[in-house]
Amino acid sequence: MTKNIPALISGSNSFCPGCGHGIIIRLIAEVLDEMGIKQQDAICALAVGCACLLNNTLKVDRLGCPHGRAGAGASGIKRCRPDKLVFTYQGDGDAISIGFSETVYAAQRNEKITAIIVNNGVFGMTGGQASPTTLIGQKTATTVNGRTAEFNGMPVDIMDHLRPVPSAAYLARGSVHDAKSILKTKQYIRRAFETQISGSGYSCVEILSPCPTNWHMDPVTAADRIASEVIAAYPLGEIKTGGAAS
Amino acid sequence: MKQLMKGNNALAEAAVRAGCRLFAGYPITPQSEILEYLSWRLPQAGGEFVQTESELAGINMIIGGAAAGQRVMTSSSGPGFSLKQEGISYLASIELPAVIVDVARFGIGLGDVTVGQGDYFQTTKGGGHGGYFIPVYAPSSIQENADFVVKAFETAEKYRTPVIVLSDASIGQMCGSVELPEQQYPKRDRFDWALGADGDRPPMGRKMTDRMYTDFAYEEYVPHICSRYNEMKENEQLWEEVQAEDAEVLLVSYGISSRICKEAVKIGRSLGLKLGLIRPMTVWPFPVKAFRKYNGKVKGYLAVEMIPIPQMIEDVYLAAHGAAPVYAMPTGREIASSEDIIENVKAILNGTKEVY
Amino acid sequence: MSTILLQPQNCKSCGYCIRACRQNALFFSEETNTNGYHMVDIEKEKCIGCGMCYTVCPDYVFSFGEVG
């Protein structure tokens, strides 16, 4: 088990206390390190939103894409540099709201990229508005009485949309609310990267992550909420393995 | 060797020969031949062609390819081009070279698939958000459709800026002879700033994000960006003059309208009218240097544009700098006719045409 | 045996590590770091080097060095 900060981590991050992004970025760095992928051989297409703060922490080449378009940006990079590992780093607002089309079509076109989607159920950077993944009943800045199916529609499970896509070769949903889930999530990231390198198709790892600031909870309570409420709506595990259907 | 080609196809083939590595676009009339041609031709030449799910995906895929330091292009028209504006603003902000083609069609909203020159503002005035300028080439022939796309790639890389080729439906759809450019083979790792390219890196790796607030202190950014724009304005103005030296009235027109103006000059001269033409080949930077030669000498500039409410005339007005009256000749949905141009010129000379 | 090393300056007092530590070796210091957070501190003799704190920490406070 890794117990040392990987070389591709700058040493600190600028996320709020208890935010899961810091863990997820470290997992990416650990996987790159363990796979022997060097700084110049990995390229990250970054979202707009809290995810873009990866810029201060992960030491690989990276592109700040317009809001929601990291799936398209990563596709453009990979098509020009098929020799590099190319991944997106996005929140749920970026990848599943405004970028839903780019996310699903990257899979549909069998782009050999990996999408890493951090799902915390809110628009974090703009102050905690509802996102597509906000749970029924959850209070946010734009669902002040709680999300309802009638007024806001049901939450969007992106895996429901990626699972049927034949060229989606590896799909998994992890979480960073406890050590066991963190270690599993790291495995998922590794398998997703391996899927890309083997050329067998599109890969995506969605990761449930606490947002204590916008959930208005202390970090430990926020992590507990994932275990008690969020996983029920977004079950964890590998959703699709074994490569793209031919 | 000259070949017979459709304007859009000539532009597409020239892009291949310029070493375009990635094209990502979406169908829209009257631009679709570019997409169709590249769908088979670009893969044949070792490039990547993607018909994207939207114009948004097209421009954003181009941002990715540009960040990887490769020659990349997308194309659209009117409503589709509007959708690309956010991405163009990002390209300008990150300072990435890319070529965006607008085969202009007519009208606002959905408009129509027929020719028009209503995209002048949205191409030359930084149609996206935030305040930027980028070079815009305005071809008026099939040959220039080919030549300017190559020039656009070169200018884009010279200044690290997106560049627009503002063609139009007539030039895109007409067939004619064209001398195609030589095939170029740009090296993949030739830019030390590009994502994934060989070379030394800063400790954090290469970062391509909004340079306005990430790579510079704002105080450093302002002179940086101003000097780039000034350099482009100084060095990149392109224009053609037709019998301008002794002209009393100078027509000003680009693209399809300028072709009629050339004919009008010929007819006007045969009638004894001292008529000439300034044809901007770059509409940004606007060729103010041409106007400096004639300000104070001519009796007026007549801006001929295919649009109901004129746009380019505002740049003519600025270029005239108060030293010559400026007159408008917006031709709406119709391509200008030489007869109408001559009538307008006569009206200017006899003082009956209203100054703009 | 590896020895735990702390970068308390990175700590944001989230408390994930304190909960994850089965040895109850971690606690919040009375002192704050320059960012104003009560930083995590350790009773080193309790630590068995399991690395759980490293795993759950979002802020890269913990690492382990070989001693000997």
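Here is a short walk through the chains of this predicted model, ending at the interface of chain A and chain C.

Let's begin with how the chains meet. Two pairs of chains are in contact, and chains A and B share the most contacts of the two. Chain B and chain C, on the other hand, have no contact joining them, and their closest C-alpha atoms are 17 Å apart.

The UniProt record, an unreviewed entry, places the domain "Thiamine pyrophosphate enzyme TPP-binding" at residues 64–162 of chain A.

Now follow chain A to where it touches chain C. Here 32 residues of chain A are in contact with 22 residues of chain C. Between them the two chains bury about 2,100 Å², with 55% of that area on carbon and sulfur atoms. The polar side of the picture includes 17 residue pairs in polar contact across this interface, both residues being at pLDDT 80 or more. Three elements of chain A each give two or more residues to the side that touches chain C: α1 (21–34), α7 (179–198) and α9 (219–233). Of these, α1(A) gives the most, with five residues. Sorted by class, this side of chain A has 18 nonpolar, nine polar and five charged residues.

How values were computed: Residues numbered from 1 in each chain as written. Chains lettered and ligands numbered in written order. Predicted model: local features only at pLDDT ≥ 70, side-chain atom pairs only at ≥ 80, totals over all residues. Heavy atoms only, no water. UniProt positions renumbered as here; feature names shortened; annotations may be inferred. Contact = heavy atoms within 4.5 Å. Buried area = accessible area lost by both parts, 1.4 Å probe. Polar contact = N/O pair within 3.5 Å; in protein donor to acceptor, adjacent residues only side chain to side chain. Helix = DSSP H or I, 4+ residues; strand = E, 2+ residues; numbered from the N terminus. Nonpolar A, V, L, I, M, F, W, Y, C, P; charged D, E, K, R; others polar.
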